[in-house]
Structures are given as structure tokens and as C-alpha cells.
Amino acid sequence: MEAGAAMVGAGWNRPGGLALRRRLVDRVATGLSIAATVIVLLALGSILLTLLVRGLPGLSWGTLVHTMAPPGSNGGLANAIMGSLVQTGFAAAIGTPVGLLTGIYLSEYARDGRVVDVVRFVSDMMLSAPSILVGLFVYMLLVMPFGHFSGLSGGIALAVLFVPVVVRTTEDMLRLVPLTMREAAYALGAPKWRVVLQVCLRAARGGVLTGILLAVARVSGETAPLLFTSLGNMNWSLDPGAPMASLPVAIYQYAGSAYDDWVQLAWTGALLITTGVLALNVLVRLWSRQAGSGR
């Protein structure tokens, strides 16, 4: 028995046996990869198909132009859609300059040290931080002291989630800019701020804009932070100092309802959010390809 096993082992170690073993391992690994890809595609396809089947029947002009209303009143999601756009706009307006400046500082100006390591660690930690903790933090910071919920506090909560994505992508994209481009600009007598602004950022603009769009896609579907900050509003309200409706919160409220029309609106709202996020991801892909081909 031992002699037979030794002969089999020796056969595997021969050049022909080694090639056969490598082919078997390659085929097994390829098969597992294909199986995992098929499982992911089936799961994604089933989710999209379910959203289309359940959400399309409720998609109408009235859904897009009518505000949220009591059950049986033919209400829509207009105020929730507009509230989501406003609060996401707040997050982008606050988070984009903060994230860009922080990423530029970490890539172009910072030296290795304790402060820089702490900033990077906090930024990376916030990328995976539960959004409900961010909502509680902003609730304690802005809602409780003022005594009321507001759309602005919801936008700030989303901005806290927005910033780390922009910081990481900006820093990574700027580090990919070749050092020779910087040296050529310095050789022409350009100051550092002009090199960063007109050389580095221009070369990395595709990746930076991709990171901003990905951050928008991430925060546009967040529900937990808005439950503690903007809360929601059944009426039309664009006042940033008052409670403001949002599509994720409307879906959360309607999905557990006992009324069929509200449940239908929840499915339609989920379809609208998914369509918007998919559109942003497609836009990111197209922009990345154009930026890569234009170099």
C-alpha cells in the first residue's frame, strides 16, 4: 500500500503529472468562479425582476406629481422624491469640497506622521461604519439641542457618510498621477497649488468624479440616518429647518403598512431608488471609460 502511494505521488510529481494537476486545479477554480458569478447574477436578476413586477404597476404620472396622502386618497411620492434630491444635494454640497480637500491634503501635502495616520484610519473606519450610528450622532448634535427634526440635519448625516468615499477615491486617484508630470510642472516654475489644481486634479478628474458619483449612489438609499434627523413629512416641504420627506423613509413607513395602496407605493419607491442607483453606476462606468480612452 505504501509503495503504491509512493508510486502515485511520484507520478504526480513528474512533469506530465504536474501539468495534469495544474489543469485540474485550474478547471476546478474556473468552475467555482463561474458558479459564484452565476449565483450572484441570479440573485441580482431575481431582485430586479421582483422590483419590476411589483413596482411597475404603481408607476404612473400621479405617483410622480402627487404628494404623500392618507390611505385610499390616490397619493404619490412627489414630496419624498424631491426631499431625497434636496437632502442628497445637501450631502454632495457639503461632502464634496471637504472630501476633495482632505484627499488632496493626504496625497499632496501630508507627510507620514501620527496625525496623518489618524486621519486615514478614521476615514477608512467611516467607510464601513453603520449608518445608524451616524444618524444617532447627528441626532445628538443637531436635533436634540434645537428640539426638532430638519432636512438640513438629514443632509449633514448623509454628508458624514459621503465624505470618506470622496477622501479615499481622491487620494488614490492623485497617487496614480505620475511623478514626472509634477516634476515637469515644477521645472516650469509653477507653484505647488497650481500643480495640484491644474496638473494633478486634471489628470485624475475621471477617477475623482467617479468617486463623487459613487458617494451619491451610496447615500441616496440610506434610511437609518434620516429616521433620526429629517424624520419625514406627509406634506410638501422644502424648508431645510423643518422635517422633510425622503424616499427611503417613505418606503420604510409604507412597506409595513396594512394598506395595499401604501404597500404598492413602497414597491414603486424601491424601484425608483434602484433605477436611480443603477443609472448612476452606469454613468460612472461610461465616464471611467471615456476618461481612460481620453488619456
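Let's start with a pair of helices. Helix α6 (residues 131-146) and helix α7 (residues 151-175) have axes that come within 9 Å and cross at roughly 135°. This picture comes from a predicted model. Angles over 145 degrees would count as roughly antiparallel and those from 65 to 115 as roughly perpendicular, and α6 and α7 are therefore oblique to each other. The crossing in which α6 passes α7 is right-handed.

## Where the helices touch

Which residues bring α6 and α7 together? On the α6 side you will find Ser131, Val134, Val138, Leu142 and Val143. They meet Ser153, Ile156, Ala157, Val160 and Leu161 in α7. Sorted by class, this contact has eight nonpolar and two polar residues, with no charged residues.

## A cavity in the structure

Now for some empty space. Rolling a probe the size of a water molecule over the atoms shows where such space is left. How many cavities of 30 Å³ or more does the structure hold? There is one, and the largest cavity has a volume of about 40 Å³.

## What lines the cavity

The lining of the largest cavity is made up of Ser84, Gln87, Thr88, Leu158, Val219, Ser220, Leu226, Ser246 and Pro248. Helix α4 (residues 78-109) gives the most to this lining, with three residues. By class, the lining has four nonpolar and five polar residues, and no charged residues.

Technical notes:
Residues numbered from 1 in each chain as written. Predicted model: local features only at pLDDT ≥ 70, side-chain atom pairs only at ≥ 80, totals over all residues. Heavy atoms only, no water. Axes fitted to C-alpha atoms, helices over the stretch in contact; angles between N-to-C directions. Helix = DSSP H or I, 4+ residues; strand = E, 2+ residues; numbered from the N terminus. Parallel < 35°, antiparallel > 145°, perpendicular 65-115°, else oblique. Left-handed = near helix turned anticlockwise from the far one by under 90°. Contact = heavy atoms within 4.5 Å. Nonpolar A, V, L, I, M, F, W, Y, C, P; charged D, E, K, R; others polar. 1 Å grid on protein atoms, 1.4 Å probe; cavity = no way out; pocket = protein on both sides within 12 Å on 5 of 7 lines; lining within 4 Å. Points joined across faces, edges and corners; volume = space filled by probe spheres on them.
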